[in-house]
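Please look over the sequence and the structure shown here before reading on.

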Amino acid sequence: MRKREVWRDRAFRDHPAVVFDLEASGLDPRRDRILSIGAVRIEGLAIPLGRQYDRTLRAPGPLGLVSRLFHGLTRADLERGAPPPDALAGLLDFAGDAVWLAFHAGFDCALLSRALKAHLGRRWDLEVLDLAVLAPMLFPDQAARLGPHAGLDAWGAVFGLVAEARHTAVSDALLTAELALVVLSRAQGRGLRTWGELAAAARAWRAGRMGTGGPVF
């Protein structure tokens, strides 16, 4: 049995979180590769702006149209990028024992898990709390207006959060972290005090929606 992670018993303020975002060469996590990694930390329910992780990965081969237009990356950017093993190891070091958060976490987790196995020989099965689940769970009225497929931009706009440069990994991670602070404040107001309580509530909420045939985020 896997040892219970320490973070589950810790209050939000007492244990850090790392919010990460990956930009990829496409939309298939089984085939496409990570092009850039962005991550920020939440410490003491605040975002220390001096602590960000921003890496473009060295990637051989042609750069697809989606990557050039959507992410703004060029062939030169990828040729100058960090070796993938170094970039991935750096992300793990940056996160340490923090709680992991992401928006639409399933895609990023699949990409990261495959890359860690390929480049570092590491198995990665940590639980990642998904803001695309937590936000509608804790703000059901806003979720009803936005619909089940609302993205990060839509949720950010609800709370007046705007990224300076969307679709770069670190900018998206920062916007997600700002949304996380809003969500954590609401969670505290609903009586959720620890990361483990929040994770359990999210699992129960998602299971309930699956059971009723509702959309799954």
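Which residue in β4 is the bridge partner of Val-18? In β4, Val-18 is partnered by Trp-100, while in β2 the residue standing opposite Val-18 is Arg-41.

This is a predicted model, in which local features need pLDDT of at least 70 and side-chain atom pairs count only at pLDDT 80 or more, whereas totals for chains, interfaces and linings use all residues. Residues are numbered from 1 along each chain as its sequence is written, and side-chain values use heavy atoms, with hydrogens and water left out. The mean pLDDT (the predictor's confidence in each residue, from 0 to 100) is 89 for the protein, and 87% of its residues reach 70 or more.

**The sheet**

Helices (H or I, at least four residues) and strands (E, at least two) are DSSP runs numbered from the N terminus, and two strands pair if DSSP finds at least two bridges between them. Five strands make up an open sheet of mixed pairing, in the order β3-β2-β1-β4-β5. Its edge strands, each pairing on one side only, are β3 (52-56) and β5 (128-130), and the twist from one strand to the next averages 25 degrees.

| Strand pair | Sense | Bridges |
|---|---|---|
| β1 and β2 | antiparallel | eight bridges |
| β1 and β4 | parallel | three bridges |
| β2 and β3 | antiparallel | five bridges |

Helix α3 (residues 84-95) lies across β1 (17-24), β2, β3 and β4 (99-102) and runs at about 10 degrees to β2; axes are lines fitted to C-alpha atoms, for helices over the stretch in contact, and angles run from 0 to 180 degrees between N-to-C directions. Helix α5 (residues 131-138) also packs on the sheet, where α5 touches β4 and β5 and makes about 45 degrees with the direction of β5.

Asp-108 lies in helix α4 (residues 105-120) and counts as buried because its relative accessibility is 3%. Leaving aside neighbours within four places in sequence, Asp-108 is in contact (heavy atoms within 4.5 Å) with Phe-20, Asp-21, Leu-22, Ala-102 and Phe-103.

**The cores**

A nonpolar core is a set of buried Ala, Val, Leu, Ile, Met, Phe, Trp, Tyr and Cys residues joined through side-chain atoms within 4.5 Å. The largest such core has 38 residues, of which Leu-101, Trp-195 and Leu-198 touch the most other members. At least two residues of this core come from each of β1, β2, β4, α5, α7 (152-158), α8 (169-189) and α9 (195-211). Another core, of 27 residues, lies apart from it and includes Ala-39 and Trp-124.

Phe-12, in the segment before β1, is buried, with a relative accessible area of 1%. Beyond four places in sequence, the contacts of Phe-12 include Leu-45, Leu-184, Trp-195 and Leu-198. The C-alpha atoms of Phe-12 and Val-99 are separated by 9.6 Å, although these residues are 87 residues apart along the chain.

Over residues 212-217 pLDDT stays under 50. Where pLDDT is low, the predicted coordinates should not be read in detail.

Note on methods: Buried means under 20% relative accessible area, exposed over 50%, partly exposed in between (1.4 Å probe, protein chains only).
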